[in-house]
Amino acid sequence: VTSTPARRASQGETIEGAIRRGASDASAHAASSPTVARHLTFSFDMLGEAAKTREDAEGYWAAYAHAIRAVGASAAGSATALVAPGLSVKLSALDPRFEPSHRPA
């Protein structure tokens, strides 16, 4: 059984699935409250990634590039950036040695 908060946090196993789920949720809100639906937006987060090797980082880089293109395409026609969907990027996924406290001088 999935509770409402958990459903909101796990939109899909792929970015395309998450975008479809978000669109479906927005349509459901539009039916009951068009005003709320106009201001509804989504932020996507790829969970669990942290690069341990250069190969990991390259894979995550490609996955993020794909997700950025998909989210951008889904935002086409958004009235403003305030209601366009977004994507959270974890810097630790893009480099196996990313440690904020150990930046190069």
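Helices (H or I, at least four residues) and strands (E, at least two) are taken here as DSSP runs, numbered from the N terminus. Read that way, the chain follows the pattern α-α-α-β-α-β, with four helices and two strands.

A word on what you are looking at: this is a predicted model, in which local features need pLDDT of at least 70 and side-chain atom pairs count only at pLDDT 80 or more, while totals for chains, interfaces and linings use all residues. Residues are numbered from 1 along each chain as its sequence is written, and side-chain values use heavy atoms, with hydrogens and water left out.

Let's start inside. Of the 105 residues, 19% count as buried, meaning under 20% relative accessible area with a 1.4 Å probe and protein chains only; exposed is over 50%, and partly exposed lies in between. The largest nonpolar core has seven residues: I15, A18, I19, F44, A67, A70 and V71. Such a core is a set of buried Ala, Val, Leu, Ile, Met, Phe, Trp, Tyr and Cys residues joined through side-chain atoms within 4.5 Å. Helix 2 (15-32) and helix 4 (54-75) each supply at least two residues of this core.

Leaving aside neighbours within four places in sequence, V71 is in contact (heavy atoms within 4.5 Å) with I15, I19, F44, P85 and G86. Across the chain, 59% of the contacts with a separation of 6 or more join residues 24 or more positions apart.

Now step back to I68, which sits in helix 4. Is I68 buried or partly exposed? I68 is partly exposed, because its relative accessible area is 47%.
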